[in-house]
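Here is a short briefing on one structure. Keep the sequence and the 3D view open while reading.

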Amino acid sequence: MEHRDSLIRQVADWIRTSKKVIVFTGAGVSTESGIPDFRSPGGVWQKYNPEDFYYQKFISSEASREKYWQMSREFYEPLKNAEPNEAHRAIAQLEKLGKLDCVITQNIDNLHQRAGSSPEKVIELHGTAVSVSCLSCRKKYPREEIQARLLKGARVPLCDVCGGILKPDTVSFGQPMPPRETAESFDRARSCDLFIVIGSSLVVQPAASLPLEAKEHGAKLVMINRDPTYHDVYADAVIHGSAGEVMRRIVEAVRENPPSV
Ligand code: NAD
């Protein structure tokens, strides 16, 4: 049996024998749905400079808000048309098989929920792109409505009610993390026995600490990524490849209930 095949069977075995399995996803789980990640070739940070998108700049400068909305308008188009892929569906299957404690996602694209994961099982650490809020009066708008304004030529949309600054409900660099989601993610990571990273370069903090937190508290750690990460050395299994193909095969192996290798 090839090394990769045996790793897939090994991970399936761990899933079957673990009591609390956490799946932790990053932008790489959604590239096969047509949403570019940030750091791969062709990713968002090859076109834009992340320095321009700090929260402090957004709230203090009209020019920064204009640049932000230009990037956001462009990024939202593939996101709005995206469909869940095999990886999202396989993760939703794990829940149906009773094998999932939760999905902790850095993604903002809502694709886990659209693939069938229960919303209460999905912890969105970096917020969501499906809504926009006024930073002054907190009125919420569907993103679609704001996107329509942008496509009609608005450069910096403002709140209808109070004229305040609007911002997507995503977490920008320098913006506080959502406290409940962050605390819950760390609590769950400390008490799981298997933590599976899928499609994350593990460079965005504090999310990138979660796999090591789980490992330090006794969990097995699995990495499924196209490219290596600095944290691979801590993993019990590293599988390089497409998230969709690898996750589909892992879940097939869980369902087949094969003998341990
Ligand atoms: P990243 O761009 O830093 O890293 C993506 C990782 O996924 C890389 O290691 C790459 O090798 C891997 N990858 C890419 N395509 C893959 C595939 N098909 N199969 C397996 N692996 C694949 O992403 P990150 O670590 O999530 O950090 C970026 C930040 O940007 C996150 O905070 C996230 O909130 C946000 N983001 C979200 C989306 C989204 O919602 N879809 C998209 C881009 C960025």
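Strand 8, residues 220-225, is mostly covered, with five of its six residues buried. The model is predicted. The points below start with this strand, then turn to the ligand and to single residues.

*Strand pairing*
- Strand 7 (residues 194-198) runs parallel to strand 8, and five bridges join the two.
- Within this pair, Ile-198 stands opposite Ile-224 of strand 8.
- From strand 7 the chain passes through helix 9 (residues 210-216) to reach strand 8. This β-α-β crossover is right-handed.
- Strand 8 is also joined to strand 9 (residues 237-240), by four bridges. These two strands run parallel.
- Here Val-222 has Ala-237 in strand 9 as its bridge partner.

*Ligand surroundings*
- There are 29 residues around the ligand. Those that come nearest are Arg-39, Gln-106, His-126, Ser-201 and Asp-227.
- By class, the shell holds nine nonpolar, 14 polar and six charged residues.
- A polar backbone atom of Ala-27 lies 2.7 Å from an oxygen atom of the ligand.
- Asp-109 places a polar side-chain atom 2.7 Å from a nitrogen atom of the ligand.
- In the side chain of His-126, an N or O atom is 2.7 Å from a ligand oxygen atom.
- The ligand taken alone exposes 850 Å², and the protein buries 96% of that.

*Loop between strand 7 and helix 9*
- Most residues other than glycine have a negative phi, and most peptide bonds are trans.
- Leu-202 has a positive phi of about 55° although it is not a glycine. Its place is in the loop between strand 7 and helix 9.
- Leu-202 counts as buried because its relative accessibility is 5%, against a cut-off of under 20%.
- Pro-206 lies in the loop between strand 7 and helix 9. The peptide bond leading from Gln-205 to Pro-206 is cis, with omega near 0°.

*Loop between strand 4 and strand 5*
- Arg-138 sits in the loop between strand 4 (127-134) and strand 5 (140-142).
- Arg-138 is not a glycine, yet has a positive phi of about 70°.
- With a relative accessible area of 52%, Arg-138 is exposed, since the cut-off is over 50%.

*Asp-13 in helix 1*
- Asp-13 belongs to helix 1 (residues 3-17).
- Its relative accessibility is 8%, so Asp-13 counts as buried.
- Asp-13 and Asn-257 are 244 residues apart in sequence. In space they are 8.1 Å apart, C-alpha to C-alpha.

Terms used. Residues are numbered from 1 along each chain as its sequence is written. This is a predicted model: local features need pLDDT of at least 70, side-chain atom pairs count only at pLDDT 80 or more; totals for chains, interfaces and linings use all residues. Side-chain values use heavy atoms; hydrogens and water are left out. Buried means under 20% relative accessible area, exposed over 50%, partly exposed in between (1.4 Å probe, protein chains only). Two strands pair if DSSP finds at least two bridges between them. A crossover is right-handed if, with the strands pointing away from the viewer, the path from the first strand over the helix to the second runs clockwise. A residue is near a molecule or strand if one of its heavy atoms lies within 4 Å of it. A polar contact is a pair of N or O atoms within 3.5 Å; within protein, one must be able to donate a hydrogen and the other to accept it, and residues adjacent in sequence count only if both atoms are side-chain atoms. Accessible areas come from the Shrake-Rupley method with a 1.4 Å probe; for residues, only the protein chains shown count as cover. Ala, Val, Leu, Ile, Met, Phe, Trp, Tyr, Cys and Pro count as nonpolar, Asp, Glu, Lys and Arg as charged, and the others, Gly among them, as polar.
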